[in-house]
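Here is a friendly note to read alongside the model. Please keep the view open and find each residue as it comes up.

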Amino acid sequence: MDWSFMTEYAPLFAESARITVMIGGIGTLLALVTGLICAWIMYFRIPLLRQIAAVYTELSRNTPLIVQLFFLYFGLPKAGVVLSSELCGIIGLTFLGGSYMAESFYAALKTVSVSQIESAESLGLSRYQTMRYTVIPQAARAAVPPLCANVIFLLKETSVFSAVSLADLMFTAKDLIGMYYNTTEILIMLAAFYLLILLPVSVLFSLLERRMNRGRI
Amino acid sequence: MSGNIIEIRHLRKAFGDHVIFSDLSLTVKKGETVVIIGPSGCGKSTLLRCLNGLEPIQGGTIYLNGKPLEYGRKSLVKIRQKIGMVFQNYDLFPNMTVLQNILLSPVKVQKRNRREAKEEAEQLLEKVGLREKADAYPDALSGGQKQRTAIVRSLIMHPDILLLDEITAALDPEMVHEVLDVVMELSRNGTAMLIVTHEMAFAEAAADRVIFLDGGRILEEGEPQAFFHSPQTERARRFLSAFTYSES
Ligand SMILES: Nc1ncnc2c1ncn2[C@@H]1O[C@H](COP(=O)(O)OP(=O)(O)OP(=O)(O)O)[C@@H](O)[C@H]1O
Ligand SMILES: [Mg+2]
């Protein structure tokens with residue numbers, strides 16, 4: 001094991017990790033917002049928007065992220081729209097993640113039974129109050145586990161960003177392997193940095209889940 | 001004022017082509033306890049749901065305190081404060097404690113002072129024997145306790161009438177009594193109620209009037225003693241005989 005090599009390139013890995021976290025973080029956050037909006041549209045069966053959301057989720061779920069990225073990075077310029085690698089990464093992740101988030105939020109809303117809603121309405125609660133006091137709190141609880149799974153899934157998906165020249169962890173690793181052939185050291189560093197990013201997220205979420213379960217007795 | 005809390009005139013209710021009621025009329029007077037019985041699927045739940053606007057109706061008029069019901073969102077919110085409803089499956093909100101369940105509507109819908117509402121909630125809980133459960137979550141309650149909580153949640157609104165739809169049907173037998181005791185007490189105190197139940201002994205004890213519903217019509221209507229001991233129609237006789245075990 002070449003330790004000096006590893007210490008020499010650790011700062012480079014750290015810098016790429018920063019990019020992975022930043023682009024991954026922004027993309028995941030926007031995916032969450034997209035997911036909330038789509039789930040709302042699906043739940044209230046808002047005409048027209050609902051059909052659009054359906055087409056979007058099918059498109060998004062049934063094409064690989066790398067294809068979506070290629071489309072943004074190599075396809076769009078043909079139509080005169082040139083996007084930076086960073087922007088492609090963010091848009092790509094949002095596009096992919098939005099549908100996964102939408103599905104899990106929608107499913108979470110659906111776990112609240114019709115009789116719960118009728119019970120709220122028969123107490124005189126308005127539609128808004130019914131959502132706010134009964135449906136959303138219950139749905140939020142149900143949404144936490146799939147939300148955690150989605151966030152981790154999306155952060156891992158960032159590893160294909162290198163395909164559009166984004167200088168993320170994967171990109172740096174491939175680059176270094178191409179130059180120095182220190183495959184073992186580089187792969188260990190790569191895995192270590194991904195763990196460094198994902199482990200805290202994972203631990204945070206399991207704490208959150210445990211807390212929510214305790215709250216309910 | 002006619003003294004009628006609820007007056008249903010020529011109600012028509014259908015699900016698509018499936019007509020449940022073609023022309024149903026019924027009144028509940030102030031302070032009266034009316035029990036509806038009838039075979040499964042005859043429309044008992046549907047009738048109660050029409051009364052508080054959970055089901056749209058296809059014809060006729062429902063009067064609440066002499067005023068015809070309107071089905072706009074705003075008017076429904078008002079109506080539902082006047083008509084309390086308790087369902088078979090408790091449907092307490094699992095994300096709230098007993099007290100929070102009870103206070104939701106008075107505080108958020110009726111905009112009552114929280115402290116004052118809380119005091120009343122505690123008095124009501126005391127009355128149904130649940131004072132010490134105020135801070136418990138529904139998960140930690142027995143079926144009977146949940147159902148008593150649901151009754152209190154309706155009562156605190158000071159409704160003009162309570163609609164109870166088979167509120168003991170999902171309970172273990174030993175819990176039925178504690179819930180029916182509460183309803184019996186309400187009946188004695190002159191709370192107007194429209195009750196759907198399969199508990200015949202309770203119906204006979206609590207009802208001022210019994211209505212036998214079948215085939216979308218009121219087949220029989222009368223005093224409980226008369227109805228339970230000498231029903232006029234063959235259909236009611238057969239229905240009632242199903243509730244008493246006899247070796248054939
Ligand atoms: N949402 C609905 N859509 C279509 N049909 C319905 C709907 N709700 C009820 N029905 C039908 O209306 C009829 C009356 O149902 P309802 O639930 O009122 O009966 P019920 O007298 O309360 O029966 P039970 O004693 O079993 O509770 C049934 O035939 C039922 O299938
Ligand atoms: Mg029913």
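1. Before we start, a word on conventions. This is a predicted model, in which local features need pLDDT of at least 70, side-chain atom pairs count only at pLDDT 80 or more, and totals for chains, interfaces and linings use all residues. Residues are numbered from 1 along each chain as its sequence is written, chains are lettered from A and ligands numbered from 1 in the order in which they are written, and side-chain values use heavy atoms, with hydrogens and water left out.

2. Chain B brings 24 residues to the contact and chain A brings 19 (contact means heavy atoms within 4.5 Å). Together they bury about 2100 Å², with 54% of that on carbon and sulfur atoms; buried area is the accessible area, with a 1.4 Å probe, that two parts lose on being put together, summed over both.

3. What joins the two chains? There is one salt bridge between chain B and chain A, and Arg49(B) forms it with Glu118(A), at 2.7 Å from N to O. The term means a side-chain nitrogen of Lys or Arg within 4 Å of a carboxyl oxygen of Asp or Glu.

4. Now look at the side of chain B that touches chain A. Helix H2 (73-82), strand S6 (83-86) and helix H3 (98-109) of chain B each supply at least two of its residues, and H3(B) gives the most, with four. Helices (H or I, at least four residues) and strands (E, at least two) are DSSP runs, numbered from the N terminus.

5. Over all chains, the structure holds 16 salt bridges. One of them pairs Lys118(B) with Glu122(B), with the closest N and O atoms 3.7 Å apart. These two residues are separated by about one helical turn, because they sit four residues apart in helix H4 (residues 114-127) of chain B. Lys118(B) is partly exposed at 32% relative accessible area, while Glu122(B) is buried at 18% (buried is under 20%, exposed over 50%, partly exposed in between, with a 1.4 Å probe and protein chains only).

6. Arg235(B) lies in helix H9 (residues 234-241) of chain B and Asp214(B) in strand S9 (residues 209-214) of chain B, so the pair ties together parts 21 residues apart in sequence. Asp214(B) is buried, with a relative accessible area of 16%, whereas Arg235(B) is partly exposed at 25%.
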